[in-house]
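Please look over the model shown here, and then follow the account of its backbone and its helix packing.

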Amino acid sequence: MTSGITLVLGGLGVKGIAHAGTLQALSTRGIEVCRIVVGGIAGGIAAHAALGGNLDSLVSGLSSLFERNNARLWGMERLSGPPVGERRLAVASLSYFLRERLFCRMNLARESVLGWEIVDADLERMFGEARASDLRPRIAFAAFDLTTWEEVLLEEGRVVDLVKAAAAFPGLLPPVRIDGRQYVSSTLFCELPLGPLGDADRPIVAVDIPGRVSRERPTSLLEVLTLADEARGDALKRLRLEKADHVLRLDGLASFHWGSYRRIPQLVLRAREDVLEKIDAGFFRPT
Amino acid sequence: MKVGVSLGSGGSRGFAHLGVLRALEDAKVPIDLVNGSSIGAVVGATYALHHDAEDVAHLVQEVLPKIDVGFFNLFRYPASGSAFLRNWLAEAFCNLSALQMSIVSHRNNRRALGLLLGARTFADTVIPFSVATFDLLAGETVILKEGRLADAILASISIPGIFPPVERDGRLLVDGAVQADVPVRELRVEGAEFVIGVRLVQEVLKDYRNGFGLLIAIDQVKSDAVCAWELAAADVAITIDLPGYDMARFGQSAVAMEAGYDAARRALPTIVRRLEEAR
């Protein structure tokens, strides 16, 4: 199974950054990947690695990017579910209320809370004029096409545009226009971009990061909507995973949420350890 | 052979279910058990109690228009809008969204369900009936088939964000349509050997004007994909499209009932043929 595999990566929100650890583990053990199909933030990670970039420095750059924009992320961390065992303090609750309210107000007033200006310079520096044809292995970037309202794979054009289309989480970042079409991240629709794949892509190995395990009682309308939306996404992911020939499930990441942006280094480390453990246990051994 | 009918969600479009049930009765298709999500549960419970589509139509038409969910479609609030009222509504919505779990309460729903079902229980139904709900805490579909019908259905009509979740046995229950819009597979578990699934198509609001509009439109597409999987398990799927029909207004029952009746009549040759094959 190690030759010619299609590796499918995704992950809701910051969970996609975990795949820096996945790719490092595969590289450490010499697992060859023929093609990567990727959605969400993991698109930038995979593209960076495919251009020979250093993943450790990228992860550290992403951690500081989120820290710098902490004030603008409007309670995203809280909305995605607090770390297990965390208690709600009055001051934290007030701050959360204000941020959640602002998130709501801004999303009613415009297309997204954040703008691309916060990362444009970094992305241009990282990918410059690189094109999809420069990437090794080949990468198909998954995005949600707002013209056809379908999950699609983008495999041509400037890498920077494709990375942005894959990462443009609706409500958080604006849609990305490529050749007259508007795209957003496909991870809200389905965490793993398995939908557009077919028999020609086999063997398909999907790396699955489980959904949240500790469900705290919601206290606001936004939390209720988020839980319902995640549940629907989990159902669709379960259905789509039936398409994969092999599923590498990173159970160690279950306590991380899509908004756990303060725990990015731990997320990557845990993913690396999980994948190494599974490889050593024979996951990629020929069957 | 036990024939089951699984009725999907769709707000006021649910009147179409009455048309479907009437068409099946007219054609003498047996209905041995029923289940439903959301409005499908409301119509299904009433049918399971009376087992007569004409009686149910009269009762439901009398009671359901009394439900006024009374919410405004703020998700279409325009980015450039500066009208005082729109601004005020948006501010009110934002305060509500951060302070409580829903826009409106269940007060009117309780009243309508009380008029429709009274204190009757699942044990009172003429044919077996079950309700699909979704537990927000466990993240799974939960089937209710014991206790007071009105209590179970209240959970199933709790559209997330619009109506508050319902607490029951340590669970936090909302609309079953979250994962089982038309609960076909769940009806098979209840013993149905031949299932007719009835889906009320929800219009995807693709002309989004803001971040919320976009999030909701994508969620609707996702919901369609999950629903297609549920319906694939039905022996016959009846899909009823009512373009432009406002799912929050319960005053246009005749149009929906007629659409349901026509859709079921069109599906009858397939139903009869597949039933014969299955027997």
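B:Ser38 is found in the loop that runs between strand 2 (33-37) and helix 2 of chain B, where helices (H or I, at least four residues) and strands (E, at least two) are DSSP runs numbered from the N terminus. Although B:Ser38 is not a glycine, its phi is positive, near 55°. With 29 C-beta neighbours inside 10 Å, B:Ser38 counts as buried; a residue is buried if 20 or more other C-beta atoms lie within 10 Å of its own, exposed if 12 or fewer, and partly exposed in between, with C-beta atoms placed from the backbone. This is a predicted model, in which local features need pLDDT of at least 70 and side-chain atom pairs count only at pLDDT 80 or more, whereas totals for chains, interfaces and linings use all residues. Residues are numbered from 1 along each chain as its sequence is written, and chains are lettered from A and ligands numbered from 1 in the order in which they are written.

Chain B holds nine helices and eight strands, and 50% of its 279 residues count as buried. Of the contacts in chain B with a separation of 6 or more, 78% are between residues 24 or more positions apart, two residues being in contact if their C-beta atoms, placed from the backbone, lie within 7 Å.

Within chain B, helix 1 (residues 15-26) packs with helix 3 (residues 53-63) at an angle of about 160°, their axes 9 Å apart. Axes here are lines fitted to C-alpha atoms, for helices over the stretch in contact, and angles run from 0 to 180 degrees between N-to-C directions. That angle makes helix 1 of chain B roughly antiparallel to helix 3 of chain B, a term for angles over 145 degrees, with those under 35 roughly parallel, 65 to 115 roughly perpendicular and the rest oblique. The residues that meet are B:Leu18, B:Leu21, B:Arg22 and B:Glu25 in helix 1 of chain B, and B:Ala53, B:Glu54, B:Val56, B:Ala57 and B:Val60 in helix 3 of chain B. By class, this contact has six nonpolar, no polar and three charged residues, where Ala, Val, Leu, Ile, Met, Phe, Trp, Tyr, Cys and Pro count as nonpolar, Asp, Glu, Lys and Arg as charged, and the others, Gly among them, as polar.

Ten of the twelve residues of helix 1 of chain B are buried, so this helix is largely enclosed by the rest of the structure. Among the buried residues are B:Phe15, B:His17, B:Gly19 and B:Arg22, and the elements of chain B that cover them include strand 1 (3-7), helix 2 (39-50), helix 3, strand 7 (194-200), strand 8 (236-240) and helix 9 (253-278). After helix 1 of chain B comes B:Lys28, whose phi is positive, near 60°.

Chain A has nine helices and eight strands, and 53% of its 287 residues count as buried. Most residues other than glycine have a negative phi, and most peptide bonds are trans. In chain A, a cis peptide bond with omega of about 0° joins A:Arg136 and A:Pro137, and A:Pro137 lies in the loop between helix 6 (120-127) and strand 3 (138-145). A cis peptide bond also joins A:Arg202 and A:Pro203, with omega of about 0°, and A:Pro203 lies in the loop between strand 6 (181-185) and strand 7 (204-208) of chain A. A:Trp149, in the loop between strand 3 and strand 4 (150-154) of chain A, has a positive phi of about 55° and is partly exposed, with 15 other C-beta atoms within 10 Å.
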